[in-house]
Amino acid sequence: MLMTLPAAAEPVDLGELTLAPNASSFTLDNGLQVVVIPDRRAPIVTHMIWYKVGSADEPAGKSGIAHYLEHLMFKGTETHPGSEFSTTVARVGGKENAFTSNDYTAYFQQVSKENLAEMMGFEADRMKNLQLTPEVSAPELNVVQEERRARIETRPSAELGEALDATLYVNHPYGDPVIGWPDELANLTFEDALNFYRSFYRPGNAVLVIAGDVTEDEIRSLAQDTYGQIADDLGTFDRDRPKAQHLRSDRLVELRDPRVSQPSTQTAWLVPSYATAEPGEAEALDILSEILGGNNTSRLYTSLVREEPLATNAGAWYQSSAIDDTRFIVYAVPQDGVPLDTIETKARALIADIAENGVGDEEMARARTSLLASVIFAQDSQSSLARIFGSALTTGSSVEDVQEWPTRIAAVTAEDVQNAARKFLVGGGAVTGRLLVADTAPDAAAAANPTE
Amino acid sequence: MYYALNRAIVAVAFFAASIGSASAIDIQEVTTPKGVSAWLVSDDTVPVVAVDIAFKNAGSSQDPAEKAGRANLLAATLDEGAGDLDSVAFQNALLEGAVQLSFDSSRDHLYGDLSTISSSVERGFDLLHLALTQPRFDQEAVDRMKGQIIAGLRREEKDPDTVVAQLWARTAFPDHPYGTPSNGIPETVATLTRDDLVAATRGLAKDNLMIAVVGDIDAETLIPLLDRAFGDLPDTAELTDVPPVEPETGLTVSETIDTPQTAIRFGGPGLAREDDDFIPAFVMNHILGGGSFSSWLFSEVREKRGLAYSVYSYLAPFEHAAIFGGGTATRNDQADEALDVIRAQFERMANEGPTEEELADAKAYLTGSYALRFDSSSAIARQLLFIQLEELGMDYIDKRNALIEAVTLDDVKRAATRIFGEGVPTVAVVGAPAG
């Protein structure tokens, strides 16, 4: 049976879009910014506190302290000692967790709405009154070291990722891993954590995001009764970091490891983020990453995987949210026997082609539809929306920036995309990282892994 | 039109300390003229439709041993071209239509996940129809997906966590499909052909199809779309019988990978979902190692001793085996200590059991958090599909918390005795031996 085929159809018309149009925002006298995103479908609330501090704000020699502190934030206060907060979350059937990035640290609970006030009380308490002892802090440092082993040291690809970042971000703390360098991590103390805590954990340096079955009025009064009681006149910490340097040199980092069975390659460029870009440039990079490698009809996938085929997979992504300049990455996994430099050269040629000849209308339409559809899908999940706003507001964007993002994406032209490729991805300065199978000869393997 | 045979308005109750509140979920069971049934929750608040489907028992346990990875390759290739649309045309139709479509296989089942915005719901169902009933399996697409899967398997080949999971499975299920890696190994995937995929599609039929639809669509609109998407499927799935199996107990196996952390998996017999003690066992497992920050394993292994970042236990009632299992990862020289601490918690559970307060806390968490599984259309669709697959009944959402509330300390102890009395869990260890 033949049908009217969807392929014959025009791209679906998504109309004028606003991300979370009913979201609103206000600021308490102590500087705490509050974002409310109503979703009345179920009597559930996601409560997130975001601190405008991450691993890129750590003092020299203390890499990993932002993340270690995140773990220690679950160790209690004078009012709520030990694990009372977590026990209470569990008793009310709530879920909780926390995460740390380069630029932010966030804590959240998801609970039924009548427990929200209690959660806000607990979270406000630990913003100010964390108590730490060596007895609870020392085992937690071991936990974090195990986390580093699990995430990085058992995975050669993650170790290569650390080397790639350390090489790309010259003169900038994004080059240091969020979880910390092993030797510095091993020497962190709870005093280090408390110093960091006292410097950065304040209402004026935080954003409260509440999504779910609430109204702005309810939240105004609850926030005032809890977080509003903490004095702070210092305002937002000024994250004036040294600028990452754009080197003209291309750089190559390679990791050969006996644990690698499948080689791969990636190339990273230092590019502007939404916070550092000229108007429209970050949006153009978003569209460019979609056209170049966002799906399996993209330029990279079509050329490297479908047509030649040189690779089993290929793509690109752009880390758009960051306080400072960020990265644009192209990656590929080779077919057996295909040298990595053949793939890298081909990928560079594809980028050069966009820089020289631009992109087509159909590609533009597909990329736009795909990014804008993601805005509509995001509205289905209160926790997704809370994360979108939290990460944007702690990396230099405003509520309006987030809401109007679809409009700005829709306004990107083919010429903008071509200019972005020409300006940021051609010429020197890229860092290529290769994950390689170690030579199987016994002495070569030992040389590659001398510490064992 | 005849539909809406059945309708249940169930309350997802919150078990809150203070005020109880409930959110009504209005589930309709619709059946089409061509005999396709689906559970539907209509809610037009967000302009999105989430469709979760499963072909029961069409997962990787259907793969012949020498064709391990067949169901996984099928899932990867179904959206790689169908009908008149080759791979590129099909993928572009998804992108241009704002339609997200993906397939996935588990040990037991083959899943499909369709998400559309309101205005593209017809396109979504039409593309799903093509994928299920007229997949092309062009040689180019089959080879490309095989290459991608093999590269993925190689990437994990020396990852301790992957290696230990496979080691445990083949030790616990030596002569059963559950012992084989569900995505296959590079050697078996390399031999798979288009004919193998065609053979695997015989497991996709109306009689093992389960459908959950949630979001901005009503029954009247949905019914013809269900017939368009699924009406042409064969009536009866051709499935191989998979025998029931009990995991082997009491074995300890290890493999060496030169890596700084040792990965540990343990597992033995659990309880089947239809067992009267399943819910007590579920509560027992929550207290022991079921994922909260207050479980015994979390407290003893992580919080007090700092031995691991992650430590957990689970109950997995598969279709053909019931498993109690878990795992952790720790520095090589601490592996024995971590295992000792974990085993001591098994013994404590079998001999002493939890306190009344621990039981009350576990019940409060499990009942209270149930509602959180219904916080979005896609989450509700997942739950409705799960309830159908497990044959728990449309009123399960209403009954579920009462089942947990009814669990007594004696029930938990009995469940623990049954699980830990079945023999010592088989342990698999992968890392570099200390010293």
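Tutor: The questions below concern a predicted model.

Student: Is strand β7 (residues 209-215) of chain B largely enclosed by the rest of the structure, or left open?

Tutor: A residue counts as buried under 20% relative accessible area. Seven of the seven residues of β7(B) are buried, so the strand is largely enclosed.

Student: Which strand of chain B runs antiparallel to β7(B), and by how many bridges are the two joined?

Tutor: Strand β3 (residues 37-42) of chain B pairs with β7(B) in the parallel sense over four bridges, and there V41(B) stands opposite V214(B). The antiparallel case is strand β4 (residues 48-55) of chain B. In that pairing D52(B) has A212(B) of β7(B) as its bridge partner. The strand asked for is β4(B), and the number of bridges is seven.

Student: What area is buried between chain A and chain B?

Tutor: The size of an interface is often given as the accessible area lost when the parts come together. Here 75 residues of chain A are in contact with 80 residues of chain B. Carbon and sulfur atoms give 57% of the buried area, which is about 6,500 Å².

Student: How many salt bridges are counted between chain A and chain B?

Tutor: One example is the pair K75(A) and E303(B), whose closest N and O atoms are 3.5 Å apart. A salt bridge requires such atoms within 4 Å, and this pair qualifies at 3.5 Å. The count between the two chains is six.

Student: Which element gives the most residues to the side of chain A that touches chain B?

Tutor: The rule finds 28 residue pairs in polar contact across this interface, both residues at pLDDT 80 or more. Several elements of chain A each supply at least two residues of the side that touches chain B, including β4 (95-100), α4 (134-153) and α12 (361-378). The residues on this side divide into 28 nonpolar, 25 polar and 22 charged. With ten residues, the element that gives the most is α4(A).

Student: Which residue of chain A is in contact with T116(B)?

Tutor: T116(B) lies in strand β6 (residues 110-117) of chain B and is buried, at a relative accessible area of 0%. Leaving aside neighbours within four places in sequence, its contacts in chain B include P47(B), V48(B), A98(B) and G124(B). The contact from chain A is F377(A).

Student: In the salt bridge of E254(A) and R434(A), which residue is buried?

Tutor: The two side chains meet at 3.1 Å, N to O. This pair links distant parts of the chain, with E254(A) in strand β7 (residues 251-257) and R434(A) in strand β11 (residues 431-437) of chain A, 180 residues apart. E254(A) is partly exposed at 38% relative accessible area. At 15%, the buried residue is R434(A).

Notes. Residues numbered from 1 in each chain as written. Chains lettered and ligands numbered in written order. Predicted model: local features only at pLDDT ≥ 70, side-chain atom pairs only at ≥ 80, totals over all residues. Heavy atoms only, no water. Buried < 20%, exposed > 50% of the residue type's maximum accessible area, 1.4 Å probe, protein only. Pairing = 2+ DSSP bridges. Contact = heavy atoms within 4.5 Å. Buried area = accessible area lost by both parts, 1.4 Å probe. Polar contact = N/O pair within 3.5 Å; in protein donor to acceptor, adjacent residues only side chain to side chain. Nonpolar A, V, L, I, M, F, W, Y, C, P; charged D, E, K, R; others polar.
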